[in-house]
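Please open the model in the viewer and keep the selection panel at hand. The tour starts with one pair of residues and then widens to the whole chain.

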Amino acid sequence: MRDDIAKVLLSEEEIRERIAELGEQLSRDYENAEGDVVLLCILKGAVVFFADLARAMRIPMQMEFMGISSYGTEQKTSGIVRITKDLDTSIAGKHVIIAEDIMDSGLTLLHLTKLLSSRSPASLKVCCLLDKPERRECDITPDYRGFLIPNEFVVGYGLDYEGFYRNLPFVGVLKSSVYSE
Ligand code: PRP
């Protein structure tokens, strides 16, 4: 698996340190919302980030999971999102923080935030580990961001290529030979 990685973009330690900062910032920002915070994991890519971020936050929260699938090709989303697993509970009146792994075109999160806003949360924010602004196709920025990254094909720490590499503990650039073969 590691032989397919051209270079490590973000090491385990860099990710751990940044998530500790994000957890601290969120804990401060939401300290008055105690009991009403919902951390929402967008499956599947966000699962690793979500698990680490939740444990870096020192406030009570509920965890929710949503599965989405966007129509499009492997490398380009269309922004039309199909829900494959919906929330189990209502988010009305809750302070919802969406945990996402990456914002690329931004179309997935644009669609998702519109959808969730219609369900009357008390507030709705996006916390995204990786932000690739060069690829943005709409006017959206994450409220909380881990790292700005260049326009490279990244895998690991939840991000996949054809379903694999999600369990790499770092974020790496995939060798182009892997996906151009
Ligand atoms: C990835 C990622 C975001 C979306 C970002 O999901 O988790 O949801 O793409 O792309 P965008 O900003 O261009 O819309 P993917 O569809 O690969 O599914 P996965 O999370 O199950 O890997």
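Select Lys7 and then Val173: the latter, in strand E9, is the bridge partner of Lys7. Please bear in mind that the model is predicted.

Now extend the selection to the two strands concerned. Strand E1 covers residues 5-10 and strand E9 covers residues 171-174; the two run antiparallel and are joined by four bridges.

What is the direction of E8 relative to E9, parallel or antiparallel? The strands E8 and E9 run antiparallel, with two bridges between them. Within this pairing, Val154 stands opposite Val173 of E9.

Next, colour the protein chain by secondary structure. Followed from the N terminus, their order is β-α-β-α-β-β-β-α-β-β-β-β-α. The radius of gyration of the protein chain is 16 Å, close to the 16 Å given by the globule rule for 181 residues, so the chain is as compact as a globular protein of that length. Its C-alpha trace spans about 50 × 35 × 25 Å along the principal axes.

With the whole chain still selected, turn to its contacts. Among those with a separation of 6 or more, 66% are between residues 24 or more positions apart.

Finally, display the surface. The accessible surface of the protein chain is about 9000 Å², and carbon and sulfur atoms contribute 47% of it. Of the 181 residues, 46% count as buried. Colouring by charge brings up 21 positive and 29 negative charges, whose mean positions lie 2 Å apart.

Key: Residues are numbered from 1 along each chain as its sequence is written. This is a predicted model: local features need pLDDT of at least 70, side-chain atom pairs count only at pLDDT 80 or more; totals for chains, interfaces and linings use all residues. Side-chain values use heavy atoms; hydrogens and water are left out. The radius of gyration is taken over C-alpha atoms; the globule rule is 2.2 Å times the number of residues to the power 0.38. Buried means under 20% relative accessible area, exposed over 50%, partly exposed in between (1.4 Å probe, protein chains only). Contact means heavy atoms within 4.5 Å. Accessible areas come from the Shrake-Rupley method with a 1.4 Å probe; for residues, only the protein chains shown count as cover. Lys and Arg count as positive and Asp and Glu as negative; His and the chain ends are not counted. The place of a charge is taken as NZ of Lys, CZ of Arg, CG of Asp or CD of Glu. Two strands pair if DSSP finds at least two bridges between them.
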